[in-house]
Structure formats: C-alpha cells, structure tokens
Amino acid sequence: MRVWDTSHLLDDIPAHKQASAGHIYAPADSQANLQRIRFHFKQLQTRLILGLVLGFLLPNALLSAYFHFQFTHTLKESAKLSLAAVAESQKNTIDLYLQERVVNLYNLFHSKDFSLNPTQEQMETLLASLKHFHDGFIDVGFFDPRGVQIACAGPFHSLLGMDYSHEPWYHTLLEDSKNYLISDIYLGFRKVPHFTIAIKQVFDNQTYVMRASLDPDKFYIFLRAISQGKEVESTLINHQGIYQVVDPGRSQFLNRSDYIPPPISPAGVEEFERDNQKMLVAYASIKETPWVLLTMQPVSVAQAGMINTRLVLTTSLVIISLLISAIIYFTIRRLVDRARRMAEKGQQLQEMLTHASKLASIGELAAGVAHEINNPLAIIMATSGVIRDMLNPEFELDHSPEAICKELSVIDTAADRAKGITRKLQDMGKSRVPSVVECDVNALLDEVVGRLKKVEFKPKHIEIAGDLAPGLPRIFAEPEPLRQVFANILINACDAIADRGTIGITTEAKEDMILVTITDSGKGIPPENLQLIFNPFFTTKGGGRSTGLGLSIAASIVKYLGGIIRVNSIPGTGSSFTILLPINEQAQKTIKQPEK
C-alpha cells in the first residue's frame, strides 16, 4: 500500500460545520450520565459559591479592612486632637492664672499703704489684699536693694531679716529683662515646698523686690478644677521633668515625671505606657514660666466613644454581609438544584426517547426482515410454481432437465440471498464466547484494502491514501469481525464516490486507544440521515444494491470490542469515520460478554 498524509482531505471544512455534523455512536449509561450531571452541577455550585466569596465577600472584606484602618487612624488622630485641645485650653487658663497672680503682686507697689520702709501692720494689710484676690497666697515679703527681707507677713516670721541675695531665683530676677519671675517649686529657707512670685521695681536708681509664696496644694486644686474630660489627669513639670504640681495620689513634689516631652517641641501629643497601661499625653509649654503642662488620659478612655461606634459599624457590616451571603448562597443552591433536576429530567426524557427509538428500530428491523425475506420467498414460490407448470402436460412447456435446472438455479439464488440476510442478522446478535488474539490493525487494513482493490474498487478510479503509524500497539480482538468493520466502512466510502476520488486511511495511538480514521471525498451524508446510518436496514442506495446492515453490523462489532465509532460529514465534501479501539491487555477486559 502506498503511504502518504491525508490530513488535508477535510481541512477545507469549516470547524463549526464539522461540529454540527458530528455524531458519536456510543451507548448511554443511564446511571453514569446521572452521576456526571450531578457532578457537573456540584462543580457549578462550588464555582458559584467561590465566585460569591471572591466577587462579594473579598472586596467587602478589603474595603472593610481599608475603612477600618482609616477609621482607626482617624480615631487616634481625633483622640489626640481632642486631648491637645484640652491641654491648650488648660495652658491658656494657667497662663492667665499666673498673670493674675503677678498683677496682684504688682499692684502692691501702687497701693496707698506701700512704703519703702513698711511696718508690720502695712505688710499684714498687703497680705490680706493678696488673699482677697486668691487664697493660695501664703505670705508676702519686701526686699531692700541688698537682697535682705526687711519686711514680711505670714506664718514664717523667722524669715524676717534673711539675706536672699544668693538665692537662684533672686539672681535670675535681677538679671532677667522681665520685671517679674515665677520660680520652680523649691524648699528654700522654710524647708516647705512652695512657689515664689517676685516683682522688681526701681526707686531712686535702686532695685527693690516684692515677693509672695503660693501654696502648691491650692495650685493643684485649681489645676484639677479646670481639667476637662473623663479620667483626664493634669500635671505641671519643669524642663528637667521635676513635678511642680501633681496629684498627691500619683506622686510627690520634686519627684521626676514618668514622661518627659521632647525639648524641641512646645506642644504635641504622644502615646506612652505607664503601669502596663497605654496612655495618651498632650503637652504644652507654659508661657509665663518654664513649665510644661502634661494632660494624660488612658487610650481606652480617650477612644471609648469612637471605639463603640466602630464596634457597632463593624458588627452591622458583618451581620449584613453574612445575611446577604446566606441569601445568595441559598438562592444559588436552590437555582442549581432546580437546574440539576431539570437536567436529570431531560436526561431521563432523552433515555426514554432513545428507548422508544430502539423500539422503533426493532419495528423497522422486523419490517425490513419481513420485506427482505419475502422477496426471495416470493421468487422461490413463483419459480416452484413454474416448475410445476413445466411438469404438467397440459401446459406443454419445456420440461427438459436443462430447463428445470435453470429454474432451480433461480431458487438457489433466492435462497442464498435469504440465507445471507439471516446470517448477517445472526452476526449482529449471535451469542458466543469471544476468541480474541493479538491483532495488528495496520496489517488487517492492508489485507482488507488489498482484497477490495481487486473487486469493489476496480470499476472506479479511486486512489487510496494511507498514513499508517509505524510501531502501532497491538490490540486484543477477533480478526475477522474487525476486517468486516473496515470492509463495510471502506465499501460505503467507495459507494459515496461517483467515479473518481480519494479514500484516506490513517492510524494513530492516543490515550490508550487506537484511532483508525477513514475519510472519503464522496457526496457526504445529509444531516437528517446522520443519526440513522447505524440503524438496521437503513440505506440510501436504490435498486436493491444494499441491505442497509453494513454500518449497523460494524457498529455492533465495535461496541462488542469495547470501542466507539465517530462520524463527521459535510454534504458535497465528504465523510470521515473514526474507529476507537482499546489498546493492550485491558482491551480484553472491556470486551463485553454476549447477552444471554
């Protein structure tokens, strides 16, 4: 056999037409089909649910995470701004408070009782005036240009005549451009924590100083009175971090603060940890004195309101998302179940139609058998009547042995025809134990083509184009039925070609199957006949040239061997039959045992 590529024979056929004209002859397994349908819809449901998760929940989760981050950032910034506003307000109030105390002391120089050599009574009057404006004043003292306290009023009479010229606050006041000073808290000569407010005034080119002491406890009471917000704690420290005003329950005067703000920033807000608790602290520098106001609040308290709001929003979002997801999930499940049930009903209807078609085929088979056998029987009966007439002297017919033998040959021909029909029917459904051997598909094709070239192909100008794969695996099969399959399909290909044409034969091994493809350049098969070509006694050949059993027998044999036949055809272009046969020893297991 001449070997060459025939893959071009149907290359000009559009792909969508090939698909529309295709037909696979393979018996449907009802339970397997139902399992496939259920598996398909289960996959569909899983994909839809995953699509829900990816298409709905995931973007929502990402948006929620983004808004949660933004909300948390805004929450922290809002708490910081709120506490910073409280600190700024308290700082302004403290500055105003200190300015008022300075003014109270400054006014003593301009009172009617002021004298450069005040008496004790005058000093008592000045102290009473100070306490009238604020009860935090402890005492008052007047210093001459030498720095000696020449007059005083208050509980510490022992300070009268004390020399303060070496005290740090006194030196700072004299050297400073400002005419007043508010000192840090210190013990001094009295050994009691206190603040000093001092004012200098020049008389006759000599500097005199008036000073008053403030009670730190009264200052703390004032500081607590101006505190705003829940659990807000305010303290005053100097730049070294030493407490100036502090809650006695928190610490003592002259102790160091837990937090010291950066020196380069006059105001700000930060977080720090104190006693295993996160605190938010706002700091602001006091204008009138080198102190820093610290306003502290627990982070949990500062952010409590907005945290509750965030919790409500987050909970609402989660509940709404879960509710919508549940609705979509159950809706998808219900729709998929409904679609699956409809598909199963469709499959059942298809199987019922297939069963009805088989019953119709049986009716056609019976009618065809009756028709095909009635014709030779009619010939036999008519010829036997002729022989009787020949033997009847009344008709004076030629009853010589030669004439009788001629009529008997007609009977023999008709009987042979009837015998051939019954033999083909037996081949389609006979019950016998299969006798399989290793078969070389390429060798069987060579034998069949060689035989057909001498008979069926000889009257026409048909070119055989083959592309048989070398080293093709052997299969387990019965050689003769397989030859009959190839022969029946090749004969149909030959009949489809009017006078000249090409028949292509290719073989290949693919996925544990042997693929034998037979193509022709004939007239093709109409779409309406494509579903009928494997029915018994279906034929489009007129003149009694075919019994219509060739393809039906071929399909039965291939099914018997555990394979399938695929058909593609385009009218006016040609047809392609692909036979798929199992490879190796597994093929023997797939060959179906005959039904009893």
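Contact, in what follows, means heavy atoms within 4.5 Å. Axes are lines fitted to C-alpha atoms, for helices over the stretch in contact, and angles run from 0 to 180 degrees between N-to-C directions. Helices (H or I, at least four residues) and strands (E, at least two) are DSSP runs, numbered from the N terminus.

Two remarks on where the values come from. This is a predicted model, in which local features need pLDDT of at least 70 and side-chain atom pairs count only at pLDDT 80 or more, while totals for chains, interfaces and linings use all residues. Residues are numbered from 1 along each chain as its sequence is written, and side-chain values use heavy atoms, with hydrogens and water left out.

Now the sheet that includes β5. It is an open sheet of 5 strands in the order β3-β2-β6-β5-β4, with antiparallel pairing; two strands pair if DSSP finds at least two bridges between them. β3 (149-153) and β4 (180-182) are the edge strands, each pairing on one side only. On average, neighbouring strands here are turned by 15° against each other, direction ignored.

Helix α4, residues 168-175, lies across β2, β4, β5 and β6 and runs at about 40° to β5. Helix α3 lies across β2 (137-143), β3 and β6, at about 135° to β2.

Let me stay with α3. This helix covers residues 120-133, so numbered, and has 14 residues. From first C-alpha to last it reaches 20 Å, close to the 20 Å expected at 1.5 Å a residue; the expected span is 1.5 Å times one less than the number of residues. Which residues of α3 are buried? They are Met123, Leu126, Leu127 and Leu130. They cover an arc of only 100° around the axis, which puts them on the same side of α3; the arc is that of the directions from the helix axis to the C-beta atoms. Buried means under 20% relative accessible area, exposed over 50%, and partly exposed in between (1.4 Å probe, protein chains only). The face of α3 turned away from the buried side carries Glu121 and His132, which are exposed.

Back to the strands. β5 (residues 195-203) is mostly covered, with 7 of its 9 residues buried. β5 is joined to β6 (residues 206-214) by 9 bridges, and the two run antiparallel. Lys200 stands opposite Val209 in β6, and Gln201 opposite Tyr208 in β6. β5 and β6 form a hairpin with 2 residues between them, and Asp204 in the turn has a positive phi of about 55°. On the β4 side, β4 and β5 pair in the antiparallel sense over 3 bridges, and Tyr180 stands opposite Ile199 in β5.

Is His194 buried or exposed? At 2% relative accessibility, His194 counts as buried. The side chain of His194 reaches the backbone oxygen of Val192 at 2.7 Å. Leaving aside neighbours within four places in sequence, His194 is in contact with residues including Asp184, Tyr186, Ser213 and Pro216.

The next sheet is also open: 5 strands in the order β8-β7-β11-β10-β9, with antiparallel pairing. β8 (243-245) and β9 (267-274) stand at the edges with a single partner strand each, so one side of each is left without a neighbour in the sheet. Neighbouring strands of this sheet are turned by 35° against each other on average, direction ignored. Helix α5, residues 216-225, packs on the sheet, touching β7 (233-238), β8 and β11, and its direction makes about 135° with that of β7.

Last, the region around β16 (residues 513-520). β16 is mostly covered, with 7 of its 8 residues buried. β15 (residues 500-510) pairs with β16 in the antiparallel sense over 8 bridges, and Lys510 stands opposite Met513 in β16. The β15-β16 hairpin has 2 residues between the strands, and Glu511 in the turn has a positive phi of about 55°. Another 8 bridges join β16 to β18 (residues 574-582), running antiparallel; the partner of Asp520 in β18 is Ser575.

Finally, Asn529 sits in helix α11, residues 527-530. Asn529 is buried, with a relative accessible area of 16%. Leaving aside neighbours within four places in sequence, Asn529 is in contact with Phe538 and Thr540.

Terms used:
A polar contact is a pair of N or O atoms within 3.5 Å; within protein, one must be able to donate a hydrogen and the other to accept it, and residues adjacent in sequence count only if both atoms are side-chain atoms.
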